[in-house]
Amino acid sequence: MKHVTIYTDGACSGNPGPGGWGATLIYNESRKDLSGGEVETTNNRMEMLAAINALEALKQRCKVDLYTDSEYLRKGITEWVKGWKARNWRTSSNKPVKNQDLWVRIDDLTSQHDVTFHWVKGHAGHPENEYVDNLARQAIPIG
């Protein structure tokens, strides 16, 4: 099984507001950068879309180490999603889960691969995290 390392980040100018996401996939000596943006979104949605688009880019089942500076993304998929699904996409306080559309997608994608989520401190000089942060910021739509 191929082992791919992915770094992801999201950025928003205002929250909500225009936002961008960036991801880089690393396999052996190869790299692939991905990015995109939306006119009206939130930082959390951009963090999630970075991971979704990166995982969707994989053409076969892979072992993946995915690095994010978003605890919302990491904890959501590794800790909270099971309970949300068991409660029919309701939180423990019986409110609808925010970003359910994206959680459904990422939950499905993580079942197609062997994904381990790792948290890295954002804006702390980690070279790959800074790199994808720059991709995300550059993808924010202007105007």
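**Chat on a predicted model**

Me: Is His 123 buried or exposed?
Reply: His 123 counts as exposed, at 61% relative accessibility (buried is under 20% relative accessible area, exposed over 50%, partly exposed in between; 1.4 Å probe, protein chains only). This is a predicted model, in which local features need pLDDT of at least 70 and side-chain atom pairs count only at pLDDT 80 or more, while totals for chains, interfaces and linings use all residues. Residues are numbered from 1 along each chain as its sequence is written, and side-chain values use heavy atoms, leaving out hydrogens and water.

Me: Where does His 123 sit?
Reply: The loop between strand 5 (114-119) and helix 4 (127-138) holds His 123. Although not a glycine, His 123 has a positive phi of about 55°.

Me: And what about phi at Asn 88?
Reply: Asn 88 has a positive phi of about 55° and is not a glycine. This residue lies in the loop between helix 2 and helix 3 (100-112), and is exposed with a relative accessible area of 62%.

Me: Which peptide bond is cis?
Reply: The bond from Asn 15 to Pro 16 is cis, with omega near 10°. Pro 16 belongs to the loop between strand 1 (2-12) and strand 2 (17-27).

Me: Stepping back, in what order do the elements run?
Reply: From the N terminus the order is β-β-β-α-β-α-α-β-α, with helices (H or I, at least four residues) and strands (E, at least two) taken as DSSP runs, numbered from the N terminus. The radius of gyration is 15 Å, close to the 15 Å that the globule rule gives for 143 residues, so the protein is as compact as a globular protein of that length. That radius is taken over C-alpha atoms, and the rule is 2.2 Å times the number of residues to the power 0.38.

Me: What share of the residues is buried?
Reply: Buried residues make up 49% of the 143. Thr 68 is buried, with a relative accessible area of 0%, and is found in strand 4.

Me: What does Thr 68 touch?
Reply: Not counting residues up to four places away in sequence, the contacts (heavy atoms within 4.5 Å) of Thr 68 include Thr 8, Glu 47, Leu 73 and Trp 119. Thr 68 and Glu 47 are 21 residues apart in sequence and 8.0 Å apart in space, C-alpha to C-alpha.

Me: How many salt bridges does the structure hold?
Reply: There are six. Among them, Arg 45 meets Asp 101 at 2.8 Å, N to O. This pair links distant parts of the chain, with Arg 45 in helix 1 (residues 43-56) and Asp 101 in helix 3, 56 residues apart.

Me: Which residue does Arg 137 meet in a salt bridge?
Reply: Arg 137 meets Asp 133 at 2.8 Å, N to O. Both lie in helix 4, four residues apart, about one turn of the helix. Asp 133 counts as buried at 4% relative accessibility, whereas Arg 137 counts as partly exposed at 45%.

Methods: Salt bridge = Lys/Arg side-chain N within 4 Å of Asp/Glu carboxyl O.
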